[in-house]
Amino acid sequence: MADTPAAVAGLDFDPVELLETELKAADRARRLRAVRGLSAVATACGVEAAKARVLPVIEAHVSAGGEEDEVHLRIAEVLDFSFVTCLGGGDSAQLLLPVLEALCRVEETTVRDRACVSLADILEKLDAGKAPKTGDRVVKLVSQLADPSGEASGFGSKCSAAALCAPVLAFLARCSDRDDDKNKVRKVFRGVCEDDAPLVRRAAAAKLSEVCASIDGPQDFATSLTPSITKLLEDELDAVRVVAVSQLGAVLREEKCRAGSEAWSRTIQQDLESDGEAAWYSTQPAARVVHAAHSDTSWRVREAVAKSFDGYCAYLSAQADAESVAPGLLDAFASLLDDGEVEVRAAAFQSCVAVAKLLPKHFAASEGVMASTCGGADNRVEFKVRLAAAGALARLLGALAPVNGAPQTAQDTIFRTVDARLFSDEHVEVALATLGALADVVPHLNEEAAARVAALCAANPVSDNWRVRRALLNALPALAQARGKKAFEEQLVTGLVERFRDRTAEVRKSAVSILARLRDLPENEEDEDGPRLFDGDWLMSNVGSKLKSGYGDLEKYLHRVTVVQAFEQLSHDQLAPEHVEVIVEFLCEAARDPVANVRFTAVKALETCSKHAGDEAVSTHIRPLLDSLKEDGDDDVRAHVASAAAAL
């Protein structure tokens, strides 16, 4: 008895027998509970007993069939790398492969996918040098999944094989002398790419970028994957072409795949040159993919290339013939911006900024692209497209700034469109998409455009929609740095002060946070530790004094709470003593407000302010006030008073 798992664990029952009994229970809840406790049972039994007794129980239960998918799913979730540690780690991982292979073959997609995820987790975290047998077994497993036996049904196991090729290749790349095994796995991937079942080909296409990233040699990349990529891109089923176009864009975008991408391109370069074509896409395989996809009969393929257009641009813009390819490439992009399908146009606008950043000069010089981009703001355009165009156009103001190599006329053209159409769009979401980008692009605007944005922020009331008012507030720090203290004082201070008494709480809350950002704003954007743009004297005279003078007229206590919070933000360690005293006196007066919410907000602000106040201000104003509020009738006020008193 001393050698049994129960005795080792100090239990009065055999946990493996209990596990076996629970897994055979008719109640699904009991079976699920048993599966959730698998790791605990394996730990309680010890490494050897877990291998000899626990694993056979799991394997027998899975292979018996007839189990519900939910239980299979939970088993697949448990059998990841953490369970390998219960078995002693290292080559013990191979003991889990039969169970995971069985789960990779089941009909239910979620179970197969989860089993593949667990197996990938094991391979990623396993020390390849300490698990040679696991490497042998996992190569065999992938090959068997791709060539299922007569007992297997459907296409599920081949989809699992496609999902496992990348993690297996990544594992083998960490091993030594595994070239033959790598070739076997790459052959498996080529096989699933050419499978008769469209769903298998689609599953293979979905893993293209992962497999590409897992191949450690550029020439191996080209030799192994060129036929597969070509077949997937030319597949008769548009669902496969959609995934292939997206995945290839992801591969071309990744810097770590750049060498492999160039090797792939060179592999088929000679065939393209021999075609005798003189078109822009004739000598670049990636350009040819864009040309074919942007005119594909399936709008889903056109949408896919629109979404991944920046990946193709990233690759092609780095090639030696980029100057000759770029105009045709952008003509294709303009075609996507003008596509007859709403989804395609929306996807193209979402890629617009990334494309412009990669090719700023060519983007600005392309009349077709500029016209199509500005046309997206037209009120007659569908709402979904206009919404995508709004964010794109606003961010293009930064992407096409002269500092990025584009001419000033390009930015001026975009801004005129934004100003004329998008700021006043009837749909508030369109205006918000435009305003949301203002903080990022204001530093790139010229003086005239920045002044126009400042005028919009200064307009009162700005909008009936509170989200628009908040969005305009968020642009104030950027406008302050772009236009300077004097222009900010002339145009924007009054509007900022008004927002502290806004009818919407979210706007008032935003005004308080913006005040804190203005307080910490450096005069020089590149020198964060340098002098502040707005010093304490300026903030107190232009914001604090106006808030204080209007405080007595605030009938709503929530407005008074907001002003109190603003004064808390105005207090900081570099503020002159005379200003600190003004803030302390104001907060002490606010702490006597008839409304408890105002009182405890003021007490909380005094706790913050006391860190910057001198001993005289504390002893003369703050401490006597706190003493007088210790017996306040409100529990929250007393709690904040106690906290503030302890901080003194």
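User: Which residues of α16 meet which residues of α20?
Analyst: This is a predicted model, where local features need pLDDT of at least 70, side-chain atom pairs count only at pLDDT 80 or more, and totals for chains, interfaces and linings use all residues. Residues are numbered from 1 along each chain as its sequence is written, and side-chain values use heavy atoms, with hydrogens and water left out. Helices (H or I, at least four residues) and strands (E, at least two) are DSSP runs, numbered from the N terminus. With contact taken as heavy atoms within 4.5 Å, V245, L248, G249, L252 and R253 in α16 meet, in α20, D310, G311, Y312 and Y315.

User: How many nonpolar, polar and charged residues does the contact of α16 with α20 have?
Analyst: Ala, Val, Leu, Ile, Met, Phe, Trp, Tyr, Cys and Pro count as nonpolar, Asp, Glu, Lys and Arg as charged, and the others, Gly among them, as polar. By these classes, the contact of α16 with α20 has five nonpolar, two polar and two charged residues.

User: How are α16 and α20 oriented to each other?
Analyst: Axes are lines fitted to C-alpha atoms, for helices over the stretch in contact, and angles run from 0 to 180 degrees between N-to-C directions. Helix α16 (residues 238-253) packs on helix α20 (residues 309-316) at about 40°, with the axes 7 Å apart. Under 35 degrees counts as roughly parallel, over 145 as roughly antiparallel, 65 to 115 as roughly perpendicular, and the rest as oblique. The two helices α16 and α20 are therefore oblique.

User: Are α2 and α4 roughly parallel or roughly antiparallel?
Analyst: Helix α2 (residues 15-23) and helix α4 (residues 38-45) have axes 10 Å apart and an angle of about 155°. The pair α2 and α4 is therefore roughly antiparallel.

User: Which residues bring α2 and α4 together, and of what class are they?
Analyst: On the α2 side, P15, V16 and L19 meet L38, V41 and C45 of α4.

User: Why is α8 described as largely enclosed by the rest of the structure?
Analyst: Buried means under 20% relative accessible area, exposed over 50%, and partly exposed in between (1.4 Å probe, protein chains only). The buried residues of α8 are L97, V99, L100, E101, L103 and C104, and they pack against α5 (47-64), α6 (69-78), α9 (109-125), α10 (132-146) and α11 (156-173). Helix α8 is largely enclosed because the buried residues number six of the eight.

User: What is the relative accessible area of V99?
Analyst: V99 is found in helix α8 (residues 97-104). Not counting residues up to four places away in sequence, V99 touches I58, E59, V62 and L79. V99 is buried, and its relative accessible area is 1%.

User: Which residues does Q94 contact, leaving aside neighbours within four places in sequence?
Analyst: Q94 is placed in the loop between α7 (81-86) and α8. Q94 is buried, at a relative accessible area of 15%. With those neighbours left aside, its contacts are K133, T134 and R137.

User: Is S610 buried or exposed?
Analyst: S610 lies in the loop between α37 (596-609) and α38 (615-628). Beyond four places in sequence, S610 touches V618, I622 and L648. At a relative accessible area of 11%, S610 is buried.
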